[in-house]
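Work through the exercises below with the structure open. Each task is followed by a solution in steps.

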Amino acid sequence: MTGWNATRIPDQSGRTAVVTGANSGIGYVTARELARHGASVVLACRSAARGRDAVSRLRREVASCDVRFLELDLADLSSVRQFARDFARHRPALDLLVNNAGVMALPYGRTADGFETQFGVNHLGHFALTGLLLPRLLAAAPGARIVNVSSVLHVLGRPGPSFEGSERDYRRWTAYGRSKSANLLFTHALARRFTAAGSAITAAAAHPGYASTNLHAGASRPEGRGLAARVMALGNGVLAQPAAAGALPTLYAATAPGVRQDEFFGPRLGWRGAPVRSWRARWTLDDAAGERLWSTSEKLTGVTFPPLAP
């Protein structure tokens, strides 16, 4: 994969993709490059105005592309369920699900269903979405893929027994790391299930390194004058790579031939560079922790995955 870039994406004609958080940053670039290479892409975004604007921008950038917007608020499980119903009405099968959307280092808050916001949006919303869309992915197999976008900062938070922690001990960066570790544990548990069932669907993960996106901008806003905010502002201006580069590990995981179950891709230098297989914390490969997360996620979301056999 040395020097891999978007020009090496294989032809995606005839494939349907859903990209969450596709109205800006890495999600938008991912949707654009998939569409540029022939995929039919659904932009799953929380804001209808921003989602429709992204569709308009994409159609200006990629002639004759097949893209559409469907509303999805990962902080509200009723919205996740409605998205799955809306998608099923328009598309019989789904070849690629990119669970990209996320929030970073927010002050303590709760989703519409009462979950800590970062765990609820970054993991639980995507867990529910994946389970609800799985029948469409099974209909598209072989060759279907699920890509969960994590972060190199997953190392900041090792999931505990409750996974989402409590308000009393809340630390926004620890909570972010915990939610990103959950993305990798979910990938691991999902890949184990696909392998055991002999399924032709592949579950992989990716991280963008240090990319200048709205996600980082949002993380630096709550305090505004604090040291962390100033460091992030400096990093965005000097160290970060553009979103187009940050999207490459996701695009590699989503489209490159030979991607295997539970592989994790990131920039070559860790924070920037062409995509390579990435290091990950040992706890994200813990079978028992993955099973605890799976069981907890089913109970919290009320979403049970259908049989995974082909």
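**Exercise 1. Find the bridge partner of Val19 in β2.**

Solution. The model is a predicted one. Step 1: In β2, Val19 has Leu43 as its bridge partner. Strand β1 covers residues 16-20 and strand β2 residues 40-45; five bridges join them, and the two run parallel.

**Exercise 2. Give the strand order of the sheet and name its edge strands.**

Solution. Step 1: The open sheet has eight strands, ordered β3-β2-β1-β4-β5-β6-β7-β8, with mixed pairing. Step 2: β3 (66-71) and β8 (275-277) each pair on one side only, which makes them the edge strands. Step 3: On average, neighbouring strands of this sheet are turned by 20° against each other, direction ignored.

**Exercise 3. Classify the aromatic pair of Tyr108 and Tyr170, and state whether each residue is buried or partly exposed.**

Solution. Step 1: The structure holds 10 aromatic pairs. Tyr108 and Tyr170 form one of them, with 5.0 Å centre to centre and 80° between the planes. Step 2: Planes over 60 degrees apart count as edge-to-face, so this pair is edge-to-face. Step 3: Tyr108 lies in the loop between β4 (96-99) and α4 (117-140), and Tyr170 in the loop between β5 (145-149) and α5 (172-197). The pair links distant parts of the chain, 62 residues apart. Step 4: Buried means under 20% relative accessible area. Tyr170 is buried because its value is 13%, whereas Tyr108 counts as partly exposed because its value is 24%.

**Exercise 4. Describe the pair of Phe186 and Phe305, and the aromatic cluster that holds both.**

Solution. Step 1: Phe186 and Phe305 form an edge-to-face pair, 6.3 Å centre to centre with 80° between the planes. Step 2: Phe186 is in helix α5 and Phe305 in the segment after α10 (287-301), 119 residues apart. Step 3: Both Phe186 and Phe305 are buried. Step 4: Phe127, Phe186, Trp294 and Phe305 make up one aromatic cluster. Step 5: The ring of Trp294 has the charged end of Arg193 over it, 3.8 Å from the ring centre.

How values were computed
Residues are numbered from 1 along each chain as its sequence is written. This is a predicted model: local features need pLDDT of at least 70, side-chain atom pairs count only at pLDDT 80 or more; totals for chains, interfaces and linings use all residues. Side-chain values use heavy atoms; hydrogens and water are left out. Rings of Phe, Tyr and Trp (its six-membered ring) pair if their centres lie within 6.5 Å; planes under 30 degrees apart count as stacked, over 60 as edge-to-face and the rest as tilted. Helices (H or I, at least four residues) and strands (E, at least two) are DSSP runs, numbered from the N terminus. Buried means under 20% relative accessible area, exposed over 50%, partly exposed in between (1.4 Å probe, protein chains only). A charge sits over a ring if NZ of Lys or CZ of Arg is within 6 Å of the ring centre and within 35 degrees of the ring normal. Axes are lines fitted to C-alpha atoms, for helices over the stretch in contact, and angles run from 0 to 180 degrees between N-to-C directions.
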